[in-house]
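Have the structure open as you read.

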2 protein chains.
Amino acid sequence: MRAHDQQRPLRADATRNRDAILAAAREVFAEHGLEASLEEIAARARVGIATLYRRFPSRQHLVGAAFVEKVAKYAEAAEAALAITDPWDAFTSFVRTMCELQAGDRGLADLLSMTLPTDEHVERLRAVAHAHVVTLIDRAKAAGQLRSDFVTEDLLILLIANATIVHVTQNAAPAASRRLVALALDAFGRTDTPALPPPPTSAEMAVAMGHLAAKRGCGADGEAIRLDTGNLPVRNSG
Amino acid sequence: MRAHDQQRPLRADATRNRDAILAAAREVFAEHGLEASLEEIAARARVGIATLYRRFPSRQHLVGAAFVEKVAKYAEAAEAALAITDPWDAFTSFVRTMCELQAGDRGLADLLSMTLPTDEHVERLRAVAHAHVVTLIDRAKAAGQLRSDFVTEDLLILLIANATIVHVTQNAAPAASRRLVALALDAFGRTDTPALPPPPTSAEMAVAMGHLAAKRGCGADGEAIRLDTGNLPVRNSG
DNA sequence: CATTAACTGGAGTACTGCCTCCGGATCGCT
DNA sequence: AGCGATCCGGAGGCAGTACTCCAGTTAATG
């Protein structure tokens, strides 16, 4: 790349259009999920389709740009949860916040349940958040309130399930989603039951997220998935 | 319709092709879910696409014909579970069986999570099965092993979630699905936690299933799938 | 074996979404 | 205002899927 791939600032009209596209994208993704038609986004931004592609060469660029803030909220939620003293309250508060964010935005619902290569800034946010989540989990386990055979894959499974519920239940989303989350938390908090069957490996879940991403038109299927466990804490503590 | 819309028997080659199409459909649906391409089914049956459409005018006709037997297993599973004496074992056995059927057949995974058939024969099966399920639930509740605020919508939520997991996790499906089901059952069996948030209404869930069906290309949004038992040998006809 | 109704397959239409090309409009600077 | 660099938008190519039409083939029957 050239030394100054820090390209000169966009022309005024270009900036205006870019913002319009992002606003439209946030709307449309929230309504229809990440598989929304790019043409619809361009139309809602009152912009030609070419303009959209010029600014965001691929769907995941657009997704990335449209969701930076929301992903930041994810990090914030993790951090905020850390401030809660009771380990179980902290953990459940985080999980509930995540799933509520999903329920309010179908795009985010998709995003949290898949892996998307995005920009560096977002990656850093994720990494930090992930570390916080691991802490939340460890604390809750240590307090004997989170089942000891819990793994981060379980959280991912919940996020995927919740994403679907949100997608499918449309206007009934809040009730169904809250119900699902409450059930999941009750399950996570059981310490008196026999061990769960073995969880899928994090590699398997990475592949799964890749499939999801592919299905939503973001990233090629089978392409090297960032094993970082992506958006969500998918690290398998031993 | 004319009195004898009981059309004359198909010609030998037509019957052969019809069977080939059904066999191919079962394969392809199992692999890819209900949204599989009809052209692929025709190709696998080594039949022209027109032949498929002649025999099954719409996707839901094909789906219906391909899955009658599998849906019957749903009823059988409920009945078999009733024979188990321990109420909790009976309930969990039924749930597990359902979800395992889903894990083994992505088409069925879709089908069980959308809406049940309206064909009268199958409708009867469904009604009976549903009654059995209600019995299973009541028994388990009475025994104090199933949480008292459990409702049938919770089961549906699980089926939808499981369908997605099965869809997404591909080869890791068994592990992920079993894990999800085990967690759900642990949640269902909690009697020591505060009441869950209110469930979605069954009307809301019906709408949700309609959306799912529409997304899979079966039936208009909101209308149910009609299983065609028409010219299938009716086993255990009674 | 001849006749005919039933059946067939593939080409064709229609639609949708992704993505690119390029003539023309617009901006920003002098 | 004039001018070049930048940017725009819609037409159009490509691909995948649903679904239809029709000229040719094949099974059943006497």
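Q: How many helices and strands does chain A have?
A: Chain A has ten helices and zero strands. Helices are DSSP runs of H or I with at least four residues, strands are runs of E with at least two, and both are numbered from the N terminus. Read along the sequence, the pattern of chain A is α-α-α-α-α-α-α-α-α-α.

Q: What should I know about the model and its numbering?
A: This is a predicted model: local features need pLDDT of at least 70, side-chain atom pairs count only at pLDDT 80 or more, and totals for chains, interfaces and linings use all residues. Residues are numbered from 1 along each chain as its sequence is written, while chains are lettered from A and ligands numbered from 1 in the order in which they are written.

Q: What makes a residue of chain A count as buried, and what percentage is buried?
A: A buried residue has 20 or more other C-beta atoms within 10 Å of its own, an exposed one has 12 or fewer, and a partly exposed one lies in between; C-beta atoms are placed from the backbone. Of the 238 residues in chain A, 50% are buried.

Q: Which residues make the contact between chains A and B?
A: Chain A gives 32 residues and chain B gives 32 residues. Contact means that C-beta atoms, placed from the backbone, lie within 7 Å. On the side of chain A that touches chain B, α9(A) gives the most, with ten residues. That side divides into 21 nonpolar, five polar and six charged residues. Nonpolar means Ala, Val, Leu, Ile, Met, Phe, Trp, Tyr, Cys and Pro; charged means Asp, Glu, Lys and Arg; the others, Gly among them, are polar.

Q: How do you know that the span of α4(B) agrees with its length?
A: The expected span is 1.5 Å times one less than the number of residues. Helix α4 of chain B (residues 59–82) has 24 residues, so it should span 34 Å; its end C-alpha atoms are 34 Å apart, which agrees.

Q: Where does α4(B) bend?
A: α4(B) bends by about 55° at V68(B). The bend is the angle between axes fitted to the seven residues ending there and the seven starting there.

Q: What makes a residue near DNA strand D, and which are closest?
A: Its C-beta atom, placed from the backbone, must lie within 6 Å of the strand. There are 23 residues around DNA strand D, and the closest are N17(A), G48(A), A50(A), A12(B) and A50(B). α3(A) gives the largest share of this surface, four residues.

Terms used. Two residues are in contact if their C-beta atoms, placed from the backbone, lie within 7 Å.
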